[in-house]
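Here are my notes on the structure shown below.

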Amino acid sequence: MPTESWIDVGASEELCQRPVQEVMLGKVKIALTYRDGQFGAISGVCNHVGGPLGEGTLSGEYVVCPWHYWKFHHRTGLGEPGYEEDRVPTHDVRVENGRVLVRSEPSSKRGRLPHEPHPLARTPNRMAGPLRILGISTTAMNAEHPRYSTSDDLLEHALLAVAKSLECETRLLRIRDLNFRACEGYYSQAARACTWPCSITQMDPGDEMEKVYEGVVHWADVILVATPIRWGAASSLYQKMVERMNCIQNQETIANKHLLRHKVAGFIITGGQDNVQAVAGQMLGFFAEIGCQFPQFPFIAHSRGWSAEDMENNQNYVQRSQSLHDGAAALARRCAEMARVMIEQHLGEQALARGGRKGHELDTQAQLRTSTPLGSATS
Ligand code: FES
């Protein structure tokens, strides 16, 4: 007969159909496995950031976490070879009268190996020194046969101008030179599966998106992004970059953590056809959501227009346009001046109200769950 500490989790005939599944012992999640005719039970909560092991897969003798693929032995709970001490609790299991019983008390403890934090995980603290302007070029081109780019030309001119006139430090990141993976959608599994630093960056030391994170989160005061317009949108490299920057925004949502506090963003947008306002709107929206501020008139743009396809002329116009180059330099200066004000006045350091922010539940929802429905009689 089962004692009180053995909990019936279901019929063995049904539970043996799946190699891994989640069962609950009250509020405790268990990853129940079935392999070689035997059940195993380990904690359903991963050691990394709490991923649901019971929703994972079985690879040989190991349960693989569905979030970032850490592995735990399906019976012993030990981490994979080399990481055995990173282990999750195990629970005894037995089958009685066709029912699977799992003991509620764990038979082994959770153990965590100390993991060196990723360098990007350090608290962003602005180091003293001159203003730092990070230019990010997002246009794509053949590395062996580079061509003239209108957005690159204006960006490079803007960086040169602030470096000279305001004695700023400048850096230029060309996204086309970086080898990095596309966002793999960890957020789509669960908001907490999207981590800071990005889980891809933590798993793949060769992933060069780290340079963008380092520049944007830890180094720059101003982020000046240049993009061409491609079919009415910012470039594909821009999209690839900002999808990977979702982890910065997600820290706002899940942890109320502002990685960017004194940063100013500005944009240079050039295109053959129009749609400048929509592209600028998307860029402004994204960089606002990761915590950036903007100067007055935060973007400059140029497009040739719907009725012309003479891109060779368009290049000439931009290349020879003093007003566009002056405008790019002035945009960088406005951004730098705004950043200086923010740093000197300590703007952006105060706590921000959460009401209306992404992923913040309304207080009225909580009230409505616990109080009399609106409109019902109260006498
Ligand atoms: S590997 Fe399990 S939560 Fe990250």
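**Notes on helix 5, the cores and the overall form**

1. Strand 11, strand 12 (169-174), helix 4 (199-203), strand 13, helix 6 and helix 7 are among the elements that cover the buried residues of helix 5. Please keep in mind that this is a predicted model.

2. Helix 5 is itself mostly covered, with eight of its 11 residues buried. Those buried residues are M209, V212, Y213, G215, V216, V217, H218 and W219.

3. Helix 5 (209-219) also gives two or more residues to the largest nonpolar core, a set of 55 residues. The other elements that give two or more are strand 11 (132-137), strand 13 (222-230), helix 6 (236-244), helix 7 (246-255), strand 15 (264-271) and helix 8 (276-289).

4. Which residues have the most contacts inside the largest nonpolar core? They are M245, I248 and F287. If neighbours within four places in sequence are set aside, I248 is in contact with W196, Y213, V217, L259, L260 and I290.

5. A separate point concerns an open sheet, in which four strands pair antiparallel in the order 2-3-4-8. Strand 2 (20-25) and strand 8 (90-91) form its edges, each pairing on one side only.

6. Within that sheet, strand 3 (residues 28-35) and strand 4 (residues 38-43) run antiparallel and are joined by six bridges. As one example of a bridge partner, L32 has A41 in strand 4.

7. On the whole chain: it holds 11 helices and 16 strands. Its radius of gyration is 27 Å, whereas a compact globule of 379 residues would have a value near 21 Å. The C-alpha trace spans about 90 × 70 × 50 Å along the principal axes.

8. Of the 379 residues in the chain, 44% are buried. The accessible surface comes to about 19,700 Å², and carbon and sulfur atoms account for 51% of that area.

9. As to sequence separation, 68% of the contacts between residues at least 6 apart in sequence join residues at least 24 apart.

How values were computed. Residues are numbered from 1 along each chain as its sequence is written. This is a predicted model: local features need pLDDT of at least 70, side-chain atom pairs count only at pLDDT 80 or more; totals for chains, interfaces and linings use all residues. Side-chain values use heavy atoms; hydrogens and water are left out. Two strands pair if DSSP finds at least two bridges between them. A nonpolar core is a set of buried Ala, Val, Leu, Ile, Met, Phe, Trp, Tyr and Cys residues joined through side-chain atoms within 4.5 Å. Buried means under 20% relative accessible area, exposed over 50%, partly exposed in between (1.4 Å probe, protein chains only). Contact means heavy atoms within 4.5 Å. The radius of gyration is taken over C-alpha atoms; the globule rule is 2.2 Å times the number of residues to the power 0.38. Accessible areas come from the Shrake-Rupley method with a 1.4 Å probe; for residues, only the protein chains shown count as cover.
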